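The model is a predicted one.

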Amino acid sequence: MLDLLVLIYPYVKAFHVMSVIAWMAALFYLPRLFVYHSERNAGQAEPVASFLIMEDKLMRLIMRPAMIATWLSGLTLVSVPGIVGWDFTWPWVKAAGVLGMTVFHVWCVRETRRLTAGEAKKGRHYRMMNEVPTLLMVAIVSAVIIKF
């Protein structure tokens, strides 16, 4: 089994990077859709209906599968012996960042449900929340590249 993990490591790593990019793109874009959705006039049903469709498809067809693929490939990568030294700080920072991304993902799912029910928050709230994945990405990428 160990030989197989070592053999497929570069492929899993490439797949992991692709999955992360797709997940992050969705996590950046969905809150932006929330901003536009929440700032539309409630009397105009068509733009709001379009946002509901875009939000749902982004979440179901891109964001959720990308998150699952990121988690599965990431867990596969850390299972290869000698790749991650858990006595360093960086893997713990990365793990905390990934958990934070997952919590943000769940928040996005809940907000999608709220918006579907017509319970939008102010656009400013969504604009501020849109910065959360950026901050988490900075922490994760810094930890992985610098390896502090």
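Begin where helix 3 touches helix 5. On the helix 3 side, the contact uses Trp90, Val93, Lys94, Gly97, Val98, Gly100, Met101 and Phe104. On the helix 5 side, these residues meet Val132, Pro133, Leu136, Met137, Ala139, Ile140, Ala143 and Val144. By class, 13 of the contact residues are nonpolar, 2 are polar and 1 is charged. An α-helix has 3.6 residues a turn, so residues three or four places apart point the same way.

Now the geometry of that pair. Helix 3 covers residues 90–116, and helix 5 covers residues 132–146. Their axes lie 8 Å apart, at an angle of about 160°. Angles over 145 degrees count as roughly antiparallel, and helix 3 and helix 5 are therefore roughly antiparallel to each other. The crossing is left-handed.

Take helix 3 on its own for a moment. It has 27 residues. From first C-alpha to last it reaches 39 Å, close to the 39 Å expected at 1.5 Å a residue. Glycine 118 follows helix 3, with a positive phi near 85°.

Next, bring in helix 1, residues 2–38. How does helix 1 pack against helix 3, and at what angle? The angle is about 40°, with the axes 11 Å apart. That makes helix 1 oblique to helix 3. This crossing is left-handed. From helix 1, the contact residues include Trp23, Met24, Leu27, Leu30 and Phe34. From helix 3, they include Val98, Met101, Phe104, Trp107 and Leu115. The contact of helix 1 with helix 3 counts 12 nonpolar, 5 polar and 2 charged residues.

Helix 1 also packs against helix 5. Here the angle is about 150° and the axes are 9 Å apart. Helix 1 and helix 5 are therefore roughly antiparallel to each other. Met24, Leu27 and Phe28 of helix 1 meet Pro133, Thr134 and Met137 of helix 5. That contact has 5 nonpolar residues, 1 polar and no charged ones.

Finally, turn to charge. Side chains of opposite charge can pair when their charged atoms come close. The whole structure holds 4 salt bridges. One of them joins glutamate 39 to arginine 127, with the closest N and O atoms 2.8 Å apart. Glutamate 39 sits in the loop between helix 1 and helix 2, and arginine 127 in helix 4, so the pair ties together parts 88 residues apart in sequence.

Conventions:
Residues numbered from 1 in each chain as written. Predicted model: local features only at pLDDT ≥ 70, side-chain atom pairs only at ≥ 80, totals over all residues. Heavy atoms only, no water. Axes fitted to C-alpha atoms, helices over the stretch in contact; angles between N-to-C directions. Helix = DSSP H or I, 4+ residues; strand = E, 2+ residues; numbered from the N terminus. Parallel < 35°, antiparallel > 145°, perpendicular 65-115°, else oblique. Left-handed = near helix turned anticlockwise from the far one by under 90°. Contact = heavy atoms within 4.5 Å. Nonpolar A, V, L, I, M, F, W, Y, C, P; charged D, E, K, R; others polar. Expected span 1.5 Å × (residues − 1). Salt bridge = Lys/Arg side-chain N within 4 Å of Asp/Glu carboxyl O.
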